[in-house]
Amino acid sequence: MQVFRTFEELAKHSQKVCVAIGVFDGVHLGHQRVMGQARDDARATNGTAVVLTFDPHPMRVLQPDKAPLLLTSTDHKLALIDKLGMNACLLLTFDKPFSLTPPEQFINAVAHQTNQLQEICVGTRFRFGHNRAGDVRLMEALAPQYGFVAKEIKSVMLAEEMISSTAVRQHVLNGRLDRAAAMLGRSFSILGTVEPGDHRGRELGFPTANLNPHNEVLPPDGVYTVRVIVGEEQFGGVVNIGVRPTFAGTQPRRTLEVHILDFARELYGQNVEVLFLSKLRDEQRFASVEALKTQIAADVHAARQILGRQR
């Protein structure tokens, strides 16, 4: 998937554009339906399927004190979108001047600065333009003037609950990973960069990668069975999220450490994705290092059993 930062770049590399517009934090099933409509329609006309999204999250600019914790960093979001078969992403910088754009002017820019705009797909709750004054109805009213089709994609429901980034966020924070996964259409995952740690895991016989997560939503503290994606490879693993109370000093710091099963390579500076499968236990303080080592061995054994059943 090609990523562009301006309309001019996009216009040079695309034609018969079908565009899906949204913030798309988390890339959940509702987002996937919006993008899937644009993708399928583009394929039917031998056109270009484009995602138009924003960096940073608009709420970071408009109301930073009320901005939500992110489910996905921009890099993570782009990687997830790429898996959906979109041809290109137009990643627009959202800043104060951009936020003042009247909704009619925004649609004018999309229509005139893309190459043969065919359609715009958005979710029912999508709002755009200054003061969020634009909605699907305005888009439908402007569509004949610019020669495109406006498509409103209805929200996706899971049982009686509407799928939304807010709902996914709350399920993750509350430890309801099965519910979050059902809304995402995949296991909840974290993209992060491996950083040097204090090598405590290596001393215990279970070396860990200390992960600096790019996103901001983490499950509750505890030990989890995970899958870890390193480049094109995938491994089983065990993650500990918490303050390591057995070793914590006077100022404990929350960390995310992953022990990758049957893996011995250095990963410093690399990005890895961690997919959460199930929680093994809460984080706890142990009376001795030996007791901790015994429990970690039991955690690894339990994780292997879970991973084996999911093959």
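Helices (H or I, at least four residues) and strands (E, at least two) are DSSP runs, numbered from the N terminus, and axes are lines fitted to C-alpha atoms, for helices over the stretch in contact, with angles that run from 0 to 180 degrees between N-to-C directions. The model is predicted, so that local features need pLDDT of at least 70 and side-chain atom pairs count only at pLDDT 80 or more, while totals for chains, interfaces and linings use all residues. Residues are numbered from 1 along each chain as its sequence is written, and side-chain values use heavy atoms, with hydrogens and water left out.

Two packed helices are described by the angle between their axes and the distance between the axes. For helix H8 (residues 165-173) and helix H9 (residues 177-184), the axes come within 8 Å and cross at roughly 155 degrees. H8 is therefore roughly antiparallel to H9, given that angles under 35 degrees count as roughly parallel, over 145 as roughly antiparallel, 65 to 115 as roughly perpendicular and the rest as oblique. The crossing of H8 past H9 is left-handed; a crossing has this hand if the near helix is turned anticlockwise from the far one by less than a right angle, and is right-handed if clockwise. Ala167, Val168, His171 and Val172 of H8 make the contact (heavy atoms within 4.5 Å) with Leu177, Arg179, Ala180, Met183 and Leu184 of H9. These residues divide into seven nonpolar, one polar and one charged, where Ala, Val, Leu, Ile, Met, Phe, Trp, Tyr, Cys and Pro count as nonpolar, Asp, Glu, Lys and Arg as charged, and the others, Gly among them, as polar.

A second pair is formed by helix H6 (residues 103-113) and helix H7 (residues 136-146), whose axes come within 11 Å and cross at roughly 40 degrees. H6 and H7 are therefore oblique to each other, and H6 passes H7 in a right-handed crossing. On the H6 side Pro103, Glu104, Ile107, Asn108, Ala111 and His112 take part, and they meet Leu138, Met139, Leu142 and Tyr146 in H7. By class, this contact has seven nonpolar, two polar and one charged residues.

The charged side chains come next. A salt bridge is a side-chain nitrogen of Lys or Arg within 4 Å of a carboxyl oxygen of Asp or Glu, and by this rule the count comes to 17 salt bridges. One of them joins Asp55 and Arg5 at 3.8 Å, N to O, and this pair links distant parts of the chain, with Asp55 in strand E3 (residues 48-55) and Arg5 in the loop between strand E1 (2-4) and helix H1 (7-12), 50 residues apart. Asp55 is partly exposed at a relative accessible area of 22% (buried means under 20%, exposed over 50%, and partly exposed in between, with a 1.4 Å probe and protein chains only), and Arg5 is partly exposed at 42%. Arg265 and Glu233 likewise meet in a salt bridge, at 2.8 Å, N to O.

The last stop is Ala133, which lies in the loop between strand E5 (117-123) and H7. Ala133 is exposed, with a relative accessible area of 51%, and, not counting residues up to four places away in sequence, it touches Pro103 and Phe128.
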